[in-house]
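Please look at the sequence and the 3D structure together before reading the notes below. They begin with the ligand and then move on to the sheet and the helices.

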Amino acid sequence: MENKLILDGSRVAAEIKEQLKKRVDSIISKGITPCLATVLVGDDPSSATYVKMKGNACEKLGIISKRIHLSADITTEDLLNTIHELNQDENVHGILLQHPVPSHIDERAAFEAIDIEKDVDGVTSWGFGQTSFGFGSYPSCTPAAIMAIMDFYDIAIEGKHAVVVGRSPILGKPVSMLLLNRNATVTTCHSYTQKLGEIVKQADIVVAAVGKPKFIQGDWIKQGAVVMDAGYNPGNIGDADYEACEKNAGAITPVPKGVGPVTIAMLLKHTVDAAEKKLENK
Ligand SMILES: Nc1nc(=O)c2c([nH]1)NC[C@@H]1CN(c3ccc(C(=O)N[C@@H](CCC(=O)O)C(=O)O)cc3)C=[N+]21
């Protein structure tokens, strides 16, 4: 049997960040310091951890991390006001509103309030539309990460059958569009999909984006298929049953150190892109 490839997200992220560091230094020498604003609402511990990781990753590259932490009981209006202020703030180049926000808040309205120029996390419907049509600047970061890992390892996409399990607005749906734009044949599955295992079994590329630990079963994976696990469940458990899927897969991302670190690298890249655009228009 051919060798199995463990897709090392930490390595991909490290290489991307090394390139970014040079660009950050150059932007700073021209008088602008890239800045990402992160907005965290409430006190969910894993959200707090992820946001902290994003902020720290910024600072490591010399990007300013403007960290905004709002209390869980704010209103949608309060959150919209915060976003409007960040939109107005000349020194902020990118805005990340951490998902999920408390359920009494209209998350979609908050995402939509983000200025398209600053939507480095690809959460607006405008950004999604651009991604879908294939000309946007900032696809959502986890979908972008999945593509970046496949490109890093020269995994063929064109003509392949990609099965995406999940259709969330910033993961399953946009990654389906990115794969489609790369000429994959895309099947997007969800909670109403019948005979899911049989469909996944047909996949050359499986994207696990359901948000349920170990949901993708090993015997659903065709021999040699590529498994991209975008799950981030409590305890750092992926959406694929790794031990079982790994047996059949030709290539697979682990959790942790798979898609996660590259998601953060893509966020940094988009922030640097946004700061560079600002510089060009100065
Ligand atoms: N608006 C928005 N954009 C997001 O991109 C977004 C979000 N909301 N909400 C939550 C998910 C989750 N997410 C992760 C990013 C990195 C890791 C990551 O790097 N994890 C490490 C391990 C983490 C640890 O050590 O605790 C790894 O996989 O190696 C995980 C999860 C971004 N998300």
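How do the residues of the shell around the ligand divide into nonpolar, polar and charged? They divide into 12 nonpolar, 7 polar and 2 charged residues, where Ala, Val, Leu, Ile, Met, Phe, Trp, Tyr, Cys and Pro count as nonpolar, Asp, Glu, Lys and Arg as charged, and the others, Gly among them, as polar. This is a predicted model, in which local features need pLDDT of at least 70 and side-chain atom pairs count only at pLDDT 80 or more, while totals for chains, interfaces and linings use all residues. Residues are numbered from 1 along each chain as its sequence is written.

**Ligand and domains**

- Of the 21 residues around the ligand, H99, Y232, P256, G260 and T263 come nearest, a residue being near a molecule or strand if its C-beta atom, placed from the backbone, lies within 6 Å of it.
- Two or more residues of the shell come from each of helix 2 (45-61), strand 4 (94-97), helix 6 (141-152) and helix 10 (259-280); helices (H or I, at least four residues) and strands (E, at least two) are DSSP runs, numbered from the N terminus.
- Helix 10 gives the largest share of this shell, 4 residues.
- The protein chain is divided into domain 1 (31-115) and domain 2 (141-259), with bounds that come from an automatic or database domain assignment.
- Because domain 1 and domain 2 both give residues to the shell, the ligand lies between them.
- The centres of the two domains, taken over C-alpha atoms, are separated by 28 Å.

- An open sheet is formed by 6 strands in the order 1-9-8-7-5-6, with parallel pairing; two strands pair if DSSP finds at least two bridges between them.
- Strand 1 (5-6) and strand 6 (185-189) are the edge strands, each of which pairs on one side only.
- Strand 5 (residues 161-165) runs parallel to strand 6 and is joined to it by 5 bridges, and A162 stands opposite V186 in strand 6.

**Helix 5 and helix 7**

- Helix 5 (residues 125-133) and helix 7 pack at an angle of about 25°, with their axes 8 Å apart; axes are lines fitted to C-alpha atoms, for helices over the stretch in contact, and angles run from 0 to 180 degrees between N-to-C directions.
- The two helices are therefore roughly parallel to each other, since angles under 35 degrees count as roughly parallel.
- F128, T131 and S132 in helix 5 meet P174, M177 and L178 in helix 7, two residues being in contact if their C-beta atoms, placed from the backbone, lie within 7 Å.
- This contact has 4 nonpolar, 2 polar and no charged residues.

How values were computed. Parallel < 35°, antiparallel > 145°, perpendicular 65-115°, else oblique.
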